[in-house]
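Visitor: I have a model open and I'd like to learn how to read it. Could you take me through it feature by feature?

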Amino acid sequence: QVQLVESGGGLVQAGESLTLSCAASDSIRSINRMGWYRQAPGNWRELVASITSGSDTNYADSVKGRFTISRDNVKNTVHLQMNSLKPEDTAVYYCNADVLSVSYHRRQYWGQGTQVTVSS
């Protein structure tokens, strides 16, 4: 069973930085796209950033220039470096991955979510 395990959330002040990490478990043949989404109370879950296996990246307009997504294709990990954090970045952040398992099943997986809180 594929699992995505996130780490790195927490409470910071506006202007500070945090790095989120997500590691995929074993039983994976390959991962195409990986990404980070977030959901604030009362809001829909939204894409923050994504990265393909070829390192093509995509960012939400609200985080461009402040957040950087990266991945390690050997370790099956994805990271989100968040700089110049703002109170409006406060949300639960979810890791997402498009996984091809060793049994050749392809589906998307979600992590359990990690809370990021930015105080003003």
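Visitor: Let's start with charged pairs. Which residue does D89 meet in a salt bridge?

Guide: Keep in mind that this is a predicted model. To call a salt bridge, look for a Lys or Arg side-chain nitrogen within 4 Å of an Asp or Glu carboxyl oxygen. Here D89 meets R38, at 3.0 Å from N to O. D89 sits in the loop between strand 8 and strand 9 while R38 is in strand 4, so the pair ties together parts that are 51 residues apart in sequence.

Visitor: Is D89 buried or exposed?

Guide: The cut-off for buried is under 20% relative accessible area. D89 comes out at 0%, so it counts as buried. R38 is buried too, because its relative accessibility is 6%.

Visitor: What other salt bridge does R38 form?

Guide: R38 also pairs with E46, where the closest N and O atoms are 2.7 Å apart. At 36% relative accessibility, E46 counts as partly exposed. Elsewhere, R106 forms a salt bridge with D98, with 3.4 Å between the closest N and O atoms. R106 is partly exposed, at 46%, whereas D98, at 18%, counts as buried. Follow the shared partners and you get one network joining R38, E46, R66 and D89.

Visitor: How many salt bridges does the structure hold?

Guide: Five.

Visitor: On to cysteines. How many disulfides does a search of the whole structure find?

Guide: For this one you check the distance between sulfur atoms, with 2.5 Å as the limit. The search finds one disulfide, and it joins C22 to C95 with the sulfurs 2.1 Å apart. The pair links distant parts of the chain: C22 belongs to strand 3 and C95 to strand 9, 73 residues apart. Both C22 and C95 are buried. You can read the handedness too: the torsion about the S-S bond is about -80°, so this disulfide is left-handed.

Visitor: Which strands pair with strand 11?

Guide: Strand 2 (residues 10-13) runs parallel to strand 11 and is joined to it by four bridges; look for G10 opposite V116. Strand 9 (residues 91-101) pairs with strand 11 in the antiparallel sense, over three bridges, and Y93 stands opposite T114 there.

Visitor: Which side chains of strand 11 are buried?

Guide: Walk along strand 11 (residues 114-119) and watch the side chains alternate.

Visitor: Last one: which residues have the most contacts inside the largest nonpolar core?

Guide: The largest core has 32 residues, and W36, L80, M82 and Y93 have the most contacts inside it. Among the elements giving two or more residues to this core are strand 4 (28-39), strand 5 (46-51) and strand 11. Strand 9 provides the largest share, five residues.

Definitions and conventions
Residues numbered from 1 in each chain as written. Predicted model: local features only at pLDDT ≥ 70, side-chain atom pairs only at ≥ 80, totals over all residues. Heavy atoms only, no water. Buried < 20%, exposed > 50% of the residue type's maximum accessible area, 1.4 Å probe, protein only. Pairing = 2+ DSSP bridges. Core = buried A, V, L, I, M, F, W, Y, C linked by side-chain atoms within 4.5 Å.
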